[in-house]
Amino acid sequence: MMKKKHFERRHLVELLMKTIMRIALIIVASSLGLILWTIISRGLPSLTWDMVTQIPKGGYYMGKEGGILNAIIGSIYLASGGTLIAIILSLPIALYLQAYAQDSKWGDYVRLSLDVLWGIPSIVYGAFGFALMIMLGMRASLLAGIIALALVELPIMTRAMDEVIRRMPKDLEHAALALGSTKFEVAVRVVTRQMLPGIITGVLLAFGRGIGDVASVLFTAGYTDRIPTSLMNPTASLPLAVFFQLGSPYPEVRERGYAAALILTIIVLFVSFASRWLASRLSKYSVK
Amino acid sequence: MLRVTRYKEKIMDAHIQVKNLNAYYGKQLALKDINIEIPKNQITVIMGPSGCGKTTLLKTFNRFFELTENTQLTGEVLVDGENIYNKDIDVTEVRKIVGLLAQRPSPLPMSIYDNVAYGMHIHHMRKNREEYKDGVKHYLEIAGLWEEVQNRLNEPATSLSIGQQQRLCLARGLAVEPEIILGDEPTSALDPISSQHIESRLLDLKKQYTTIIVTHTLRQAKRLADYVIFMYLGELIEAGPAKEVFSNPKHERTKQYLEGLF
């Protein structure tokens, strides 16, 4: 009586759906594997010690010698600077949305405009930054690149933080209010503490987007073989290093492009593992 | 028809006075023309069946009612003669004076020590670290938790049992030096022994604090109450000294409730 009826329609549907889901999962997982394998297999042979410790010799487009330290340092500067500015602006916005504009019309408008900003292609931010630079009479520089990246990262970071902070348990907020906290004190002393792991994830997401973005830094930060020594210097970046080197007529330089992509991937992986570790340390006091 | 007997007799030393209080959730009237005085340094128990408005009434005392969206309030709530709904009243000061012990303990996302120190910090109530330390110890002792936690003050508050957490919340609430303690069914989430802990703390504290407890257990009401308020369908049916109300309820509804008829 309770034996499985194999040919019943419901069971067939379930089997079919499960198979579709599994196939989708396999496609995604194997493409990730394929990407990593391509980068590693083609990049690793060229990934010498020189690559990460020296600046290019003979130009980034033609040079077969030296390294891409300029792009590594440049990318770290650009992404860190952009992320820092984005944090300074995002956290207050996200906390404001939680504390004062929770489910109001105004809050909805702010969220909508952030979503629109998120959807804008980064080349548009690059063009905007470029126009701004011309207006101010600036040259392509680290500072301009940082500002353009901050604009790219801002909506991602704010919305990620907002989604996290929205899940703040009401009880906890009320407990703090019951002690006579102002909404600001609740936001800074309680919400940020409780939601720190999630906030860090939001920052990381934006950092990852920032360090990998080509279009916004193309015009604003420019490209150079030198390591920037001031905010006003033009600055190289890893994604552009990959782009230029892969476009080179020399196969050796193209191989170096894969090595640059590998370095970029390693940096992103390192940052994401480090922040995971940090988040788990910091969530010690979070209320589950 | 409900016949409402208002408690007319003036209380000698009223800490809270409620005047013509109406509360609405949207268009629904949750409290109908409440007039009551709550005696100082006694335990007042608000009782009544679910949905009678007892928690809503409690929430109007520390201005928590307005945290629910789309609510409206008319009338006055006076604490020491001052209407806490006046425009020039600082709501954080109201909540400092009127503390709340919630239904479920919700420790703040910090250590045991910081949970108690939090309120003192935001109100700048101590001068230096030593004073904060003494304050934390003092209030943990009052809440009867010091012995259990003195060696683990830096652990997360969530590592405590639910019963201990509720005593921590009591210590945390007392640390901001309130004059009134509200308890919204403060033992309903706890096991019997932990409930007993909390109840005995509340009895110890009633000499110094005006305490108002909402409960739906009649036994607890009888154990704790000096003064009783009985509510039904958003109206105040009867109020008076516990002995009188329990032994000789004036109103038919109260009598039925005490007999367990609904």
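1. Basis of the model. The model is predicted, so local features need pLDDT of at least 70 and side-chain atom pairs count only at pLDDT 80 or more, while totals for chains, interfaces and linings use all residues. Residues are numbered from 1 along each chain as its sequence is written, with chains lettered from A and ligands numbered from 1 in the order in which they are written.

2. Contact between the chains. In chain B, 25 residues are in contact with 20 residues of chain A; contact requires C-beta atoms, placed from the backbone, to lie within 7 Å. On the side of chain B that touches chain A, at least two residues each come from helix H2 (91-97), strand E6 (98-101), helix H3 (112-122) and helix H6 (162-174). Helices (H or I, at least four residues) and strands (E, at least two) are DSSP runs, numbered from the N terminus. H2(B) gives the largest share, four residues. By class, this side of chain B has 11 nonpolar, nine polar and five charged residues. Here Ala, Val, Leu, Ile, Met, Phe, Trp, Tyr, Cys and Pro count as nonpolar, Asp, Glu, Lys and Arg as charged, and the others, Gly among them, as polar.

3. Packing of H3(B) on H4(B). H3(B) packs against helix H4 (residues 129-142) of chain B at an angle of about 110°, and the axes are 9 Å apart. The axes are lines fitted to C-alpha atoms, for helices over the stretch in contact, and angles run from 0 to 180 degrees between N-to-C directions. H3(B) is therefore roughly perpendicular to H4(B), a term that covers 65 to 115 degrees. H3(B) contributes B:Tyr113, B:Val116, B:Ala117 and B:Met120 to the contact, and H4(B) contributes B:Tyr132, B:Gly135, B:Val136, B:Tyr139 and B:Leu140. These residues comprise eight nonpolar, one polar and no charged.

4. The sheet. Four strands of chain B form an open, antiparallel sheet in the order E2-E1-E4-E5. Its edge strands, E2 and strand E5 (82-83), each pair on one side only; pairing requires at least two DSSP bridges between two strands. Antiparallel E1(B) and E2(B) are joined by eight bridges, and B:Ala14 stands opposite B:Pro39 in E2(B).

5. Two asparagines with positive phi. Most residues other than glycine have a negative phi. B:Asn20, in strand E1 (residues 14-25) of chain B, has a positive phi of about 45°. B:Asn20 is exposed, with 10 other C-beta atoms within 10 Å. B:Asn41 has a positive phi of about 50° and lies in the loop between strand E2 (28-39) and strand E3 (43-47) of chain B. B:Asn41 is partly exposed, with 16 C-beta neighbours inside 10 Å.

Note on methods. Contact = placed C-beta atoms within 7 Å. Parallel < 35°, antiparallel > 145°, perpendicular 65-115°, else oblique. Buried ≥ 20, exposed ≤ 12 C-beta atoms within 10 Å, placed from the backbone.
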